[in-house]
Amino acid sequence: MDYEFSHGFMVDLRSSVRSGGESMTKGKKVVMNDKYHVSEKNKGKVFEVVSEPYSVCGTMVVKLGGYSGCYALDGLTEVRE
């Protein structure tokens, strides 16, 4: 199965954003995937991307609405409404 539902959104499991960041733009909805540790508070929570991708020490990251700091692109999976 390539899709699952999370908090009323359909998650495309094939579209985990890779470090190029070419498809990650402001306004997209994402969830944190299991590539990195995700706190219980943020598991399944849908965030909105509020910045364009940028590099921090060689890792492509974005800022997320409602999340302090930035988050690595490869730790995010886009959701579809």
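Start by selecting Lys29, which counts as partly exposed because its relative accessibility is 24%, where buried means under 20% relative accessible area, exposed over 50%, and partly exposed in between (1.4 Å probe, protein chains only). Before going on, note that this is a predicted model, in which local features need pLDDT of at least 70 and side-chain atom pairs count only at pLDDT 80 or more, while totals for chains, interfaces and linings use all residues. Residues are numbered from 1 along each chain as its sequence is written, and side-chain values use heavy atoms, with hydrogens and water left out.

Strands (E, at least two residues) and helices (H or I, at least four) are DSSP runs, numbered from the N terminus.

How many salt bridges does a search of the whole structure find? The search finds four, and another one to select joins the side chains of Lys28 and Glu78 (3.6 Å, N to O). Lys28 lies in the loop between strand E2 (9-16) and strand E3 (29-32) and Glu78 in strand E8, so the pair ties together parts that are 50 residues apart in sequence. Glu78 is buried, with a relative accessible area of 14%, whereas Lys28, at 23%, is partly exposed.

Next, select Asp74 and Lys35, whose salt bridge has its closest N and O atoms 3.2 Å apart. Asp74 sits in the loop between E7 and E8 and Lys35 in the loop between E3 and E4, 39 residues apart.

Move on to Thr77 in strand E8 (residues 76-80), which counts as buried because its relative accessibility is 7%. The side chain of Thr77 makes a polar contact with the side chain of Asn33 (3.2 Å); such a contact is a pair of N or O atoms within 3.5 Å, where, within protein, one must be able to donate a hydrogen and the other to accept it, and residues adjacent in sequence count only if both atoms are side-chain atoms.

Finish with the cysteines, where a search of the whole structure finds zero disulfides, a disulfide being a pair of cysteine sulfur atoms within 2.5 Å. For Cys57, the nearest cysteine sulfur, that of Cys70, is 9.5 Å away.
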